[in-house]
Structures are given as C-alpha cells and as structure tokens.
Amino acid sequence: MPKLIPRASTLSTAPAVAWFVVFMVAPLTVLFVVSVGVRGPDGGYAGGFTFDNYLELGNRLAPIWNTLKFSLLGTAVTLLVAYPLAYYIAVKAGRRKLVLLALVIVPFWTSMLIRTYAWTFLLGSNGLPAVLREWGVVDDLRLLNTPFAIVLGIVYNYLPLMLLPIYVALERLDPSLRAASKDLGAGRLATFRQVTLPLSAPGVVGGCLLVLIPVMGEYLIPVLLGGGRSYFLGNALADLFLQSRNWPLGAALAGAFILLMTAILLVGTAVARRLSGAATTGSPA
Amino acid sequence: MGAVAVEAERTQQQLRVERLSKHYGDVRAVSDVSFVLEPGTFFALLGPSGCGKTTLLKMLAGFETPTAGEIFLGDRSIADDPPFRRPLNTVFQHYALFPHMDVAKNVGYALRQQKERPARSEIQRQVERALRMVQLDHLARRRPQELSGGQQQRVALARALVAGPRVLLLDEPLSALDAKLRVDMQSELKSLQGQLGISFVFVTHDQSEALSMADRIAVMRDGRIVQDTTPHDLYDRPVDSWVAGFIGSSNFIPGSVSAVGHGRAEATTAFQRLRGVPTVEELTSGQSVQVALRPERIRISMDPQTPPQVDGPVSPGTVQAFSFHGDQIDYTVATRDFGTLKVRVPLTGEADRVLVREAVSVQIGWNEDDARIVPTWDADNG
Amino acid sequence: MPPMNNISRRDLLRLLGYGSLASAGVAGFAACSPPESEGTDSGSGGGGGDGELGSELTLATWPNYDDPELLEKFREETGVRVNVQVYGSTEEMETLLRAGNSGIDIAVPSQYAIPGWISSKLIQPLDYDKIDVDLSGWNKAVVDQEFDPGNEYTIPKHWGTTGMIYSEELGEEPTTWREFFELAGSLDRRATIVDHQISSIGSAAVALGLDFNVQDPQGLSEVADYLIGMKSKLFAISSDVQPGLRNGDSWLSIAWTGDGVQVVRDNPTFKYVIASDGGEIWSDNWSVAADAPHPEAAWAFLKFIHEPENAAANINFTLYAHGDPEVNELVDKEVVDNPVVYPDDDTIAPLSFATAETYNSPDRAKTWSRIKSS
C-alpha cells in the first residue's frame, strides 16, 4: 500500500527533531568546525583545518584542574548543607514546609549577579569581618577573594538545585519505612544509614549533578567572590573569546568541556539508576 | 519446677496496659485504656476509623508517647523505651517493606540490628526458617515490589517475627488484600499464632475479621474500650445498642424498661411490650433500651396461614425486598405489628424451598431467648 | 557601605555579558551580551524622518559616555533619534561588526582596535566635508597617531590614562610602576590589578624596564614570572576596582581615568597618580561603520557633536579629556583644572598607546591566561 501521507509518528516527532537539530546538532557542528580552525590575525576565526587547538589544551590544564577541584568541593559542601535542611523540611517541618521551601526558593527570583555582588559587601572588610572585629572574635579576618568565598558563593547560589531533588526524594519516602526500621531494632542513626540515606540516594546524585555541571561552567563567582585570582573554565572561555579573541582555541576548550560534562552526566545518571535500585529490574528466582 | 514457676514464666510474658491515654490538645485520641494480655492471646482491637485503635497500637510499638498511663511487659515498664528497644514487632498496614532490599534482606533486618549480631550463616538460617514459615523460601532473592500483595504480606509477617518478639502488633494487615485472599490469610494468621504461642494484637475495623480470628475483642469507641470480651459473648451480649449494631447486624425496636427479673427484662415499645434477655445486669425500670433482634434469629414461615413455631411474639407481614447470598437469603419484611424487620434465612438445602418474591405474604416471629434488651447508646451523652 | 551606583556600569555589563557567554557553553556564536538600550525615545514631537538624514541612528558606545540631553537636542535639531547601545568592551563591539548587519552606524572603539578595523574594512573613511572638523589645532598627543595616520577613519572622542590609585592608609606614595608593583608584592592582599592584559601586562612591563607594548616571548615570560610571583599577594585581578577601594579592602590599584575621577571625587583621601616611568595613554574614537545603514545621519551627528559647545557639554557630563583646545575653553573650569582628567603634557609624555599588535598578540593573550590560571 503506497504511503500517501507521512505516518503520524513522523509528524508528531517533527518538532522535537527540529528542536534537536536547531539547538543541539547545529551549534555543536559549528563549534567543532571552528575548533579545528585557525585564529585570524586580528582575532576571530579564519577557517582552516588543524588539531593544534586540541593539542594546545594540554598546555592549559590549570583551569580544568582548578574547576574540578572547586566544583567537587563546592558540590560536596552544598550537599552537606542541603541534606539536613531538606531532611528537616521534608520530614520534620510539618505545616511550615511550604513556607520554608518558599524561603529557600524566593531569593532566587533575583538575578544571580546582584545576589552574588551583594556578598562582596558582606564579605568585604566593612561587612562580616567588621562585625567580628567589633565583637572581639577575630582581629583581621579576610574573607573576600578567598577560596572560602568561592565555596560560599557556590553553596549559596546552588543550594536550591541540590535541595529540591533531595527534598523530593525524602518527601516521597514512606514514613512507615523509617518506623519499620526502628520497630525492627534500628536506632536513629542506623535507620538513617540503612533506610533513609539509600532511598534518598537518587535525589542526592541528581542534586549533585544539577550543582556540579553548572558550577563547572561558573564564571561570576570566581570573578566576584574570588577576585579573579581563581580561574575557572568559564573564565578561560570568556577570556579566549573576548580578550584573546581566539575563537578556535575557545571552541576546542568548550568542546572538551562539553565532553567532560557529558561523561560526568552519563556516569552520574548510571549511578543514580543503580541507586534507585528500587527499580523494577531484578532476577527472577 | 512446678506450677509456681510456670505461673511466674507466664507473668513475665504478660502485656499489661494501665490507664493509658493520649491527648492531642483537646482531642482525646485514647482515654484511660487498660487491659492485660496473657501470652498466646489473639487480641483484636476493633472499632470504626478514628476510634483510637491505631493510636493505641502506636503507643504499644513506641511510635507515640502516652500522655498518661503505663505499659508493662512482665514486670518491666516499657512506656519510655524507644521503639527499637521494645521486644514487640509490628506488621504495618501497607507492609512498609524496604524497596531497596530483597526479601531475604528485609526479613533479616531485625537480626542485623541486634547488639550481638549473629554470624552471617546464622542470620541466613533464621531468615530461611522465617520464610519457610510463611511459605516464601523460594522468593528470597526477589524485590518486594515484584511480589503480589499476599506475598508482601507474608514477607512483612516473616520480617516482624524473625527476631522472636514477645508480642506481635498488626495494623489492619489484611485491609489491602482482596476478599478471597483475606479469608485465606485469616486462617493462616490464626494458625501461625497458635504455633508460635505469642500474643497478637490485631487492629481492625472489620468486625467479621475480628470475630473469626480473635480470642478476645476489645471494641473501641471515642478513644475508650467499651467492651472487652470473647467474640461470642460480644455477639450475644453487646453492652449497648451501638456495639450491637457494630457487631453483626440487628433490628432495633426502641422502648423503655418496664420490668426486670429472673434473667428476663420487659420493654415497653411503640408496638407492644416485648420480653427478652438483658445483655447487662444493671438495667433499671424506665431506662431507655432497644429490643435487639438478630436477623438470623427471627423465624419466618412462608405459609401466611401458619405462624412459625416460637414462644415469643408473631406477626404477619409482606416481603418488601430480598437479596440472595448463596448461603443465605436476606429479606426485608414489613410486619403488621413490629414495623420493618430484616430477616436472614440460612440456606441448608435447595434455595427454591424458601425463595420467594416481593409482595408475598409471610408470618414471622421469634423466641424470647433470642431477643436482647440492650441499653440505648446515645452519641450525645454516651 | 557604598551604594550600588558606585559600581561601574561598564563592569556590570562585562559581568552580565561574560556570564551569559560562559553559561551558554557554545560561547561566541550567539552575539555577545544583549546590548542595553538607552534610547532617547521621548515619544512624539521632533521632526519626522522625512529628510535625507532619515529618522534614526545607532550608536555603539560605552556606558555613561554620552549626555542624553545632547542626544535629545540632536533629535530636536535634525529629527534623528539616536539608539544608544552600550558595551563593556571594544571586543564586544568588534564581534558584532565582524558578524555584519549589526545595524550600527557609529562605533566608539579604543585606539588599539582601529588598525584591525580599518584593514578588515569594518569602518569607512570619514567625510570631513560633511562633519566639518579641523584637527590641525588639536592636542598632538591624541591626533595623527600611528593607529590612524591623518585621522582618515577616526576622531578621538576623548582620551585618558591608566594610572595608579591608592589611599592615604597605604602610608606610601608610589610614583612609578616599579614602586607600585613592589608595594603590591609586599602587602598582604591589598593591591588590585585590572583584568585586561593590555593595561596590566603593559604596566608590569614598564615596572621591569620593558616596553609597555612588549611582545617578545622573553620579555613576556619575565612579566609572567613577575606577576605570578606576586599573585598570592594581590587582592584581586578585576576590572571592577572601585568597590574594593571604597570598602577599604584594597589600598592600591591600577585604574583607568574614569574610575580615578569617581573615587577621588567621592573620597579625597584617595590619590590618582600617573606613573613617571611610563604606562598607558588611551583614546576612544568616533568611527563610522562601513555598512552603516544611515551614513548621512552619522555625518550629521559627528558634525553636531564636534560643535564646541556640544562637545564641551559632553565632556562636562563624562569627565574625560577632549583633544580640541577650543572645546576645552568651554569646559567647566573644575574639570579642566582636574589633573586626573587633564594631566599636563609633561606628565603624559612618557606614556604609550597600546598598539594593535599588543591587542592582537596571541603571546600576550596566552601570557595573561597563564598569569590568571596560575
């Protein structure tokens, strides 16, 4: 039977395919083409075909290590702050749950730039250090433009991204599972370790990915709170495209960056899938 | 070792609840509840939703702190112990199986929490034994969510029993099962309890479940135990009209006491004076009562000319409706003398013999021994 | 705590632009930061766009570089409405011009970008007949320079310097880049250098006795070692120098004229000093895009903006130095007499313009990223 009209499935997937092509395939293709090109004498892109830009990346590992170091540390600290908070809101807060969630989320309706800028005043010597000096706690505390400030900026800006998936996981957790664990002789800590934590692990992994990936592309925090003394991939990219106007090298770095994040994402989702082991797979006896 | 030692041993296993109360602000979820359970009792806490039975169970398990009162296991007070230090285990309403552990891990959970954790092989042995007890040893490696509701129920049972609790608490454990499975599980639970010889405290709102399984039933209403006795006593001698209506079904004819004596009472009703067996001793003249008639105790004669053979009142009537249940038929009969009554006729032979249609004239009646005179329960000052 | 309006808008723009670039991942392919519109759209009135000039003109410039009252006056006189697009850097303007069809008529590049813009034909020769400007009497320090001999393509809008700013708290009064960097390296995180390779590498090179426009690998590696050696002693590598100074976190900083004027104006305990051993002089310059959609309006605007009274009004607004002595006659006395804005000839004599080679040098760019990532 001749096909006079496209099958319904072809028609219905067309927008998705178009979206994918326009927003994924095309930009990545452009990115790759530029990354194997040559920088023009006045900057920008001047065609050509070479893998030199990728080889050059080997000489520019510092921002990559720096980014990995700070994003892993920042993600870990964010997790340590977010988990107890999410636990409290999901399990203990009762009727105040919505209010607390709103308190966590509402500040993020303000631009990240403004919020982060505000911290420069809080951490500057007229801010928190001045208060502590007045109280006689510490004499000369320097917070702004330190690694501490960067980690603080990460925790502050990315807390909701970590908190919400964990909150959802804990919220969905049937309270009778914790009750059952205690009933069967496990104390609070043992219950947390054996029941609550493993069952919220998919939320933890999801939250970590949601924080880690954008933090790796972070530009503002190292500039505003790190005083430009810590150099992230995002800063390297900005400099390559604007100050150096070396588009091919910038494209190569961006490409490597995308690959790195894709790898992290794949590993992360695989771990999450395993952890949510509650899944329906399993060997029939 | 003699009778004294055996008696002491028994006392050690007693679960004793004394004047236990739980208030949430002004709401009295449980008020002044007391009972003693001898070991090996199948004890049902029966009542409608909101009566406090689940709160009471949670206090026994340790999930709720009593506002007042005491809980003793033997001579030791356990009211202040956290759940994980009480030698009682719970089967939860929706089982609460750990979804990230297989069946064997679920069942072995309690053993792994023990201070002196048994060797791995010992745990495995005990898990296998517990699973065999519920006939699930072949499913040890499955995840709970791969099992049917009945299988999950058995896993929950094995998990709660594996560590050898002194008392097993069951929170409406059969409510999520379909009717047929529920009946099977009822007899299985009963026989399991018999084998283990420990007490089961079983919370349910289903009176037939309680009647069929329990050795003792405590009926709860508004946070209080209103009657605590054997199933047949509960059925035959309900303390008031509310219990009579909650357990089984009854026809009620309201009236007031006009005479008491010699194991009989007489009530004045709108129709005539009716005599019956009082269910409580302290009836007083003029007290508001109900003449309660179980539908299956009313006799019916399909021949409108011949009243049934009874020593009590009879009346002609007309069948208004009927429903066929296989083993019985329920009729609604409009009687000339007593208003509309439900009548239940057990089917011991062919249905044709007693099956009649609407608008057929019949005669009904009952023996005086089968009428119960029960105090009226009034929700406002009950 | 200083109010937010002390944050230089240029830097906020830069942050917004870079931020969105960096998070876009595939940076550079989207146009840079969305230009902030400062249109002087005052609704009705004014001439219709029927004349040969048309009805509008697009000006790509920097924040707070143009007095809105002047733009309104221009609209009243000619009927041409000026769409103002502000950018945080010359590089951003360049990205748009290179992409083509930017709609930009007039751009205001820093001098170092001009040779590249000329050779890439991004801008067109100026029609001096139409703009009616005579540069012969102008300050020789800013006209007829190597980046545009004879000013065929550009006219300096205004010029400035890259100096050092410090507070009295410092207790020292550095006058050379050598002294500046020695101090910077001896303090515990009190000095700021700007996040711009041209100014920071150049100034450090001067401190080491090298040329401001140093490009040879040997010299650059010396500069890199020097700056990397003191990096842990710096407060910040940031072009947003004002908040640190105003909050007392930073005691000395490399700074451009605009930041110097504002900080010293608001807080007289600060000093802006032009180094005596060399350093940077810079100019931002009027130019007309080769593909300008409204060239006639552009000529008319350049004619208007160079009429001495208009030019002077703009200087009073922006507080940068103009190159035309006739204009400076009309500028407010306190502006002309401010040595931060109008340093004397002897002071600027040792200074150099950053060249196009310095701007484009891959080695300088690489050196800068080495310093920042170390």
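User: Why is Phe20(A) called partly exposed?

Analyst: Phe20(A) has a relative accessible area of 46%. Buried means under 20% relative accessible area, exposed over 50%, and partly exposed in between, with a 1.4 Å probe and protein chains only; Phe20(A) is therefore partly exposed. The model is predicted: local features need pLDDT of at least 70, side-chain atom pairs count only at pLDDT 80 or more, totals for chains, interfaces and linings use all residues, and side-chain values use heavy atoms, with hydrogens and water left out. Residues are numbered from 1 along each chain as its sequence is written, while chains are lettered from A and ligands numbered from 1 in the order in which they are written.

User: Where does Phe20(A) lie, and what makes up the nonpolar surface patch of about 830 Å²?

Analyst: Phe20(A) belongs to helix H1 (residues 8–35) of chain A; helices (H or I, at least four residues) and strands (E, at least two) are DSSP runs, numbered from the N terminus. The patch is made by Val17(A), Trp19(A), Phe20(A), Val21(A), Val22(A), Phe23(A), Met24(A), Val25(A) and Leu28(A). Patches consist of residues with over 30% relative accessible area and no salt bridge, like charges being joined within 9 Å and nonpolar side chains (Val, Leu, Ile, Met, Phe, Trp, Tyr) within 5 Å. Areas come from the Shrake-Rupley method with a 1.4 Å probe; for residues, only the protein chains shown count as cover.

User: What makes the pair Glu122(B) and Arg125(B) a salt bridge?

Analyst: A salt bridge is a side-chain nitrogen of Lys or Arg within 4 Å of a carboxyl oxygen of Asp or Glu. The closest N and O atoms of Glu122(B) and Arg125(B) are 3.0 Å apart, so the pair meets the rule. Both residues lie in helix H4 (residues 120–133) of chain B, three residues apart, about one turn of the helix. An α-helix has 3.6 residues a turn, so residues three or four places apart point the same way. Glu122(B) is partly exposed at 26%, and Arg125(B) is partly exposed at 47%.

User: How do you know that Asp206(B) and Arg182(B) form a salt bridge, and which parts of the chain does the pair link?

Analyst: Their closest N and O atoms are 3.7 Å apart, which qualifies as a salt bridge. This pair links distant parts of the chain, 24 residues apart: Asp206(B) is in the loop between strand E8 (199–204) and helix H7 (207–213), and Arg182(B) is in helix H6 (residues 179–196) of chain B. Asp206(B) counts as buried because its relative accessibility is 19%, whereas Arg182(B), at 22%, counts as partly exposed.

User: What makes helix H7 of chain C mostly covered?

Analyst: In H7 (residues 197–207) of chain C, 11 of its 11 residues are buried, including Gln197(C), Ile201(C) and Ala207(C). Gly209(C), with a positive phi near 80 degrees, follows H7(C).

User: How do you know that chain B and chain C do not touch?

Analyst: Contact means heavy atoms within 4.5 Å, and no contact joins chain B and chain C, whose closest C-alpha atoms lie 37 Å apart. Of the two pairs of chains that touch, chains A and C have the most contacts.
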